[in-house]
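Hello,

Here is the structure I promised to pass on. Have a look through it first, and then read on for what turned up.

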Amino acid sequence: MTTDDHIVFIVDDDLRIREALSELLEAHGLRAVAYGSAGEYVRAEKPDIPATLILDVELPDINGLELQRQIAEGDHPAIVFITGHGDIPSSVRAIKHGAVDFLTKPFSDDDLMSAVQAGLAQDRQLRLERTEIAALRARYKLLTPREREVLPLVVSGLLNKQAAAELGISEVTLEMHRRNVMQKMAAVSLADLVRMAEKLQIPVAHSRRVGEE
Amino acid sequence: MMTASRALAETEAERALRIIGSMPAFAWATDAAGRFTYVSPNTLAYLGTVQQDLDPLRDEDEFGWRRVVHPDDYDHVAARWRHCLQSGDHYDTEHRLRRADGAYRWFRNSGRPSRDSQGKITGWYGTTLDIDEQKQAEAALRDREHELSQLVDMVPSHLWRLSPDGEPIFFNKRMVDFLGMDVADTARPGITRLEAMIAAGVHPEDAAAFEGTLRRCLATGEAFAMRYRLRRADGTYHWMSSRAEPLRDQDGRIVQWYGLCHDINDQVHAEETLRQSERRLLQLVETLPAMIDCAAPNGEPIYRSQQLREFLGYHLEELDGTGKSRLASTLEAGVHPDDLAGVKEKYAHSLSTGEPYARRHRLRRFDGEYRWVETRAAAMRNAEGAIVQWNVICLDIDGEVRAQEKLRLAQESLARASQAASLAELSASIAHEVNQPLAAIVANSHACHRWLCAEPSNVARAKITVERIIRDANSAAEVVSRIRALFRQSVEPRTSATLGSVVTEAGNLMAEEAARQRVRMEVDVERNLPLVAFDRIQVQQVLVNLIRNGIDAMNSAADDRTLGIRVCRTGDVVQTEISDCGRGVEFPDKIFEPFFTTKEHGMGMGLAICRSIVESHGGRLWVEKNEPQGARFIFTLPIEVKAAQ
């Protein structure tokens, strides 16, 4: 019944909890893998598919919150915290750092499942975004240095004439570069290109509004 | 008639001779040349000689009586006699004569010449009188006078004499030597001798008092006595103690004043030094920032320092005449009623045994406020060891006592707070222990529900989950019953026992587990351990916990799986050590915190509860490194203090 398009990781030092959660997730048709400590989880080979991490706060080696902080740098699945004794500061901190939910044991089936599902959805979305950005980056790499200079000017909304003057080239040459940029980036319109530049976090160097301020 | 007159005349001559012979004196007569014409028979009898032997010898220069005159006297007697014979002067000498038995006695010899009508000396008549006793008396008198004058000069004091109107008449030699002047030197023009003496000798500061006192005595006849400084010849002033009394005649008139004066300079200086040191001591005692009290051997206060007088607000003398002893009055008036019995008892004990006294109690200040004081007393003893005085010091320690009381209250509230904190830890720990199986049960129940509701239902999986539910529910129930046991026992009275038996019990309880894990247990319990008051079940739980921790620590490690249990006395605690050869403790600071675990299955209540239990017994639990490897958990329990102490 379980499918391979997702996975739920469980990290808890209590075997009983690991067993029960795995069983519950499987009963819901979700694939689960359980680890007894943070270290085990970090070292494990994990499939690159949408995932959610159910993380116990009290762990033998390092605290769940500490693990959250450590893995925040890289790509990691959405985290659902579980704890035997939920305290407000810990939960606030966990949520602030992007946790999907913070559940106090014993928790209800619905709460856990909706948190897990939300986590998976969040991870899918993130993965999608990450894929799109990766594709954009690949296209951006195709641009020549001159084209990379042209791109921010164009998305800033400068007229061709203005942008050409900015770069000290002719308007004709600029129009050629602009066409190439649109083509290489596979942008259907200027608006599309602007959205791409935003995702690539290309700074808008020259705004017409600069002079108005 | 003729015959009768002649007979009468003869009788007259004979009678004259008889009278001369029976007179208590010797009589003699010589011719003009000094040859004896008559020597009374009693004289010859006394001297044991004959008249002819007394006459001059053939050698003209020598007299026959030379043999009877004392050799020391002969020369001047002979010289005088020759002179009288030639000049006719009266002859009067005193010399010693030798009696017939050889003894010399003093005699006065007197001779007068008899002359004829032309005035020519015809002969000499004389008498010799025994004056020996008189001479002896004179000599004795002389000797006595000599001794007296020697005495006067030799006594180590000044002796002086004044006339009735106060003029110096006599200074003894020592006084003359001291002053460097004699009475004669006090003769100065225009002033009396007394004034001169005062001016020269008495210290200017004492002069007026000296003269005034002396004048008053001279006027009234009262005895004179005073101390003053007298100038010595070298210019230094010496303290003198002087007395004088009048000598009165039969009519009561003052004839003379006799005075005695001795040098008391050293004594005065010693007294002054003593007085100064006494004054310093008194000042010390009076200014010491403590209250000082001295009491007689029976405890009756005899002195109180200013600080104590000021504190109490009354003087010692005010206690007299109340019918009670000073001590009893002081204690009853001053000591706080709650402390009085103890203080009295302790005082009585010290007074009867001589042991030092020390006690803290409240003492009433003059303003009615009771303040805490610490009183200490010790006996001062004489050379024989008998108590002569009690010296008491009393310190106002009210501030300290109150500060201590505050500290104690703060500590108590701190203890309560930490008790509350450990209660909070305990309840959190319990919640954790119960929540784990509960969470598993809830999750398994939902899973089971889903397996059963699936189309088709997965009974096999449902069965597995149900089994887990039962298992976890039992585990939760076990936790709960263990907690109940823990609380039930914690209110039961603690029993006094040695730890040995509990350690053995705990060891037996864990023996099976140890064998299963191939762990060897070495138990070493010191003999004759003192009693410890503890809750048997709680301490057993601590031991079981620590032993299981030790066994678990070694399950993944080491060829040498030895668990050591050692119980011994260390100072005033009994110390129990449980050592393993496992991996050791990675986080020694954190392992006693609740929820901190390094194990897959938390056992029982965890180290936090172990620590709570040990601390509730007044002991400590901590962990050290075990050598060469592993961990050593150590807990102490205080040795029971005997109720009597």
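How many bridges join strand S13 (residues 357-364) of chain B to strand S14 (residues 370-381) of chain B? There are eight, and the two strands run antiparallel.

Before going further, a word on conventions: this is a predicted model, in which local features need pLDDT of at least 70 and side-chain atom pairs count only at pLDDT 80 or more, while totals for chains, interfaces and linings use all residues. Residues are numbered from 1 along each chain as its sequence is written, and chains are lettered from A and ligands numbered from 1 in the order in which they are written. Helices (H or I, at least four residues) and strands (E, at least two) are DSSP runs, numbered from the N terminus. Two strands pair if DSSP finds at least two bridges between them.

Back to chain B and its hairpins. S13(B) and S14(B) form a hairpin with five residues between them, and B:Gly368 in the turn has a positive phi of about 95°.

Taken as a whole, chain B has 17 helices and 22 strands. Of its 645 residues, 26% are buried (20 or more other C-beta atoms within 10 Å of a residue's own; exposed means 12 or fewer, and partly exposed is in between, with C-beta atoms placed from the backbone). For contacts (C-beta atoms, placed from the backbone, within 7 Å), 50% of those in chain B between residues at least 6 apart in sequence join residues at least 24 apart.

One loop residue to look up is B:Leu288, between helix H9 (265-287) and strand S11 (291-295) of chain B. Is B:Leu288 buried or partly exposed? With 13 other C-beta atoms within 10 Å, B:Leu288 is partly exposed. B:Leu288 and B:Ser305 are 17 residues apart in sequence, and their C-alpha atoms are 8.9 Å apart in space.

Now for chain A, which has ten helices and five strands. Buried residues make up 35% of its 213 residues. Among its contacts with a separation of 6 or more, 64% are between residues 24 or more positions apart.

The strands of chain A form an open sheet of five in the order S2-S1-S3-S4-S5, with parallel pairing. Strand S2 (32-35) and strand S5 (101-104) of chain A each have a single partner strand, so they stand at the edges with one side lacking a neighbour in the sheet. From one strand to the next, the twist averages 20°. Inside the sheet, five bridges join strand S3 (residues 51-56) to strand S4 (residues 78-83) of chain A, running parallel. One of these pairs A:Ile54 with A:Val80 in S4(A). Helix H1 (residues 15-27) of chain A packs on the sheet, touching strand S1 (7-11), S2 and S3 of chain A, and its direction makes about 170° with that of S2(A).

Helix H3 (residues 64-71) of chain A has A:Gly64, A:Leu65, A:Leu67 and A:Gln68 as its buried residues. They cover an arc of only 160° around the axis, so they lie on the same side of H3(A) (the arc is that of the directions from the helix axis to the C-beta atoms). These residues pack against helix H2 (38-43), S3, S4 and helix H4 (88-96) of chain A.

Finally, the two chains meet: 24 residues of chain B are in contact with 21 residues of chain A. On the chain B side, helix H13 (398-453) and helix H14 (459-490) each supply at least two residues. H13(B) gives the most, with 16 residues.

Best wishes

How values were computed: Axes fitted to C-alpha atoms, helices over the stretch in contact; angles between N-to-C directions.
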